[in-house]
Amino acid sequence: MNRLEIRALARSLAPLPEESLPGFLLRLAYRLERSPARIGALCGLSTMHHRLPADYLLTLPPQPANALAEAARLSSAEAHSLTLAGLGLTSTYTPLHTTRLDQGRNHAAARRRWAINLSSRFCPRCLAGDGSPVQNTFGSAWKLRWHLPVVFACSKHSMLLSSTCPKCDNLPNRPPGTERSGLLMQRAAVGLHPAQCRHPLLGRRSTTAETRYCGARIDQSSGNSPMMTPEDLDRVIALQLRIDHNLFPTPSQHAKNDPHFFLDLVAIAHLIKFSWPLGAPLVRSAHLSSLIDSHATTIARQLDQPLSPGPRPSSPWPAPDRPAQCAALLAAAAELLSHRDEGDAEFRDRIQPLARTAFERLPPNQAAGFRRMDFSSVLARALARKNNGFYHAGGHRGSKLRAPSRECLFGIEHVPAMLPTAWSDAHFTELRERLGTITGWNTRHLRRATSLKLVEMAAGGTWPECAETLGTPWTTAQQSLKILKRVLGPMDSWAEFDRAVERIAYALDSDTNRIDYANRRRTLSSWHLSDAAWNELCDGFRAFKGGPTSPSPTTATALLWAQVTQGDYLHSPVLHALRDSGRDTTPVVASVNQIVRATCHSRGERALLAARLDHYASRLARACDHAHGTQLVTDSLIAEQLT
């Protein structure tokens, strides 16, 4: 119908609190003795073939919203309030954020994410109305919240919702056969009360609604959900109240609500379902466990069977249709989620067995899709696969997880590329005693791997990403981890390594004067020791022989960069520049190694040069820490740091 042809209906109805658009159309059609399809057309909601699009349950575009408001004599706010977005549920129920319903395939995706059910659950006592003349005559509201999979009970009447007709046991709005999903089923039926079942009776071709459709009054039944014990009912009603508070928070509650509450709840429900019956001991009640079993056993059996030609099995992802099954599954998920406060290690121990079993059952693409879902950082850490203490890299590129593996007060900017020797000496004593003799070369790899682990703790990601953050080539990081695996693996010392790194992380958390190593790396990225400073460092020394491995400003620049940033001199900017220009770095590397060896023996001019470089490095470090923005570190700025 053209926008200009919209006219106000002869009579209309005021929307009831929290009433859904399909429920409003049912009541309005019943009052005007027309079909919902005809009312939808008169209100400018119909598309081709008088279809009422399913996406109108989520939100109304401006033109249909204005047409509905004009035809039904509603305000713009009243028209939008008939949708999930208009009621504000798209901002509080996070699975709805990215949901689209403009195609049948998207509706299937929304059901997989537990975002929405087109077939509404219902509370018979709510549908019976409040006894007012209007509700006695035209029925009460089909509530918007009943379309959300996480709403399984009526907290007002302390009872489970119903999902099917008590007479024919069919869902109220599930299209039969291959009919495309729409806002209402059997939208052409005339004369049915809003609370009457609209499911067609197979084989009936009568022209009257009373004989062609089931027609049972679902507002006059007590529901057909399995009975629960009083204790179980109290438990699930308490959970529903908590869910309701998250769906409809007061202004003061809104800021306190956990934005990942629903995402975590649904994710853990999936884990319990896909790993069933592994999670059965986690369920408090035998009756709740049997309800989960009635839903999950079929899914687990389906996943355990190899794929075969023929019709595709139904998707295992949507929420259970039966509210009692959904209540039991979510109650188990909420119970498991409550253990987050025990600490990361304890929560991970509870989650990992379920995750391993679930991911073994799921096809690889679905398991990968699950891992890409949005979780809280706590659940993400618990779900992360680890290999020898580090997040599973899944290849040298491509993160499988970005969540930090620990709640840290320090940031990645406070982590050097190589763990300072003082930190290593202070915290790896027990590990060295456990391993016995450990070479200086192995200690070097231990220091590098520890820095990678600290970055993972503070920012998450796989070890290649952590290496990139620190400016360490991923091949170098890989080599260090290989050597560390060889050193720690045979003696099963990874647990002690984790404890040592945790002690270092705790020390960093407690340090109020943490060094910004990232700033030092940025500041010195293009710095080179000046000739004047080099002459000052060499003052009083006999001239070096001038051979290819004699100390030079380039040698000093690489060493000073490594000391100030606590990095590997092999990865210093000055050596990178030599490689990029095609020049041989062997003489500089040999010169650096000679100074390092002289330092160990504490004799000769190279040892004295090393001591002067140490003193100069402390001045250079202070200059970096006092530099602002992209300010270059100059000789004058370094001189200002003299004490």
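Student: What share of the chain's residues count as buried?
Tutor: Of its 643 residues, 51% count as buried, where buried means under 20% relative accessible area, exposed over 50% and partly exposed in between, with a 1.4 Å probe and protein chains only. This is a predicted model, so local features need pLDDT of at least 70 and side-chain atom pairs count only at pLDDT 80 or more, while totals for chains, interfaces and linings use all residues. Residues are numbered from 1 along each chain as its sequence is written, and side-chain values use heavy atoms, leaving out hydrogens and water.

Student: What's the mean pLDDT of the chain?
Tutor: The mean is 84, and 85% of the residues reach 70 or more; pLDDT is the predictor's confidence in each residue, from 0 to 100.

Student: And where does pLDDT stay under 50?
Tutor: Over residues 394-400, for which the model has 14 contacts beyond four places in sequence. Contact means heavy atoms within 4.5 Å.

Student: How many helices and strands are there?
Tutor: The chain has 30 helices and 4 strands. Both are DSSP runs numbered from the N terminus: helices are H or I with at least four residues, strands E with at least two.

Student: Let's pick a spot. Where does alanine 115 sit?
Tutor: In the loop between helix H6 (104-112) and helix H7 (124-127).

Student: Buried or exposed?
Tutor: Alanine 115 counts as buried, because its relative accessibility is 0%.

Student: Which residues is it in contact with, leaving aside neighbours within four places in sequence?
Tutor: Alanine 115 touches Tyr93, Pro95, Leu96, Thr99, Ala110, Leu148 and Pro149. For threonine 99, 16 residues apart from alanine 115 along the chain, the C-alpha separation is 7.0 Å.

Student: Switching to helix H27, which residues are buried there?
Tutor: In H27 (residues 573-580), Val574, Leu575 and Leu578 are buried. They lie on the same side of H27, because they cover an arc of only 95 degrees around the axis; the arc is that of the directions from the helix axis to the C-beta atoms.

Student: What follows H27?
Tutor: Glycine 582 comes after H27, with a positive phi near 85 degrees.

Student: Last one: among contacts between residues at least 6 apart in sequence, what percentage join residues at least 24 apart?
Tutor: In this chain, 70% of those contacts do.
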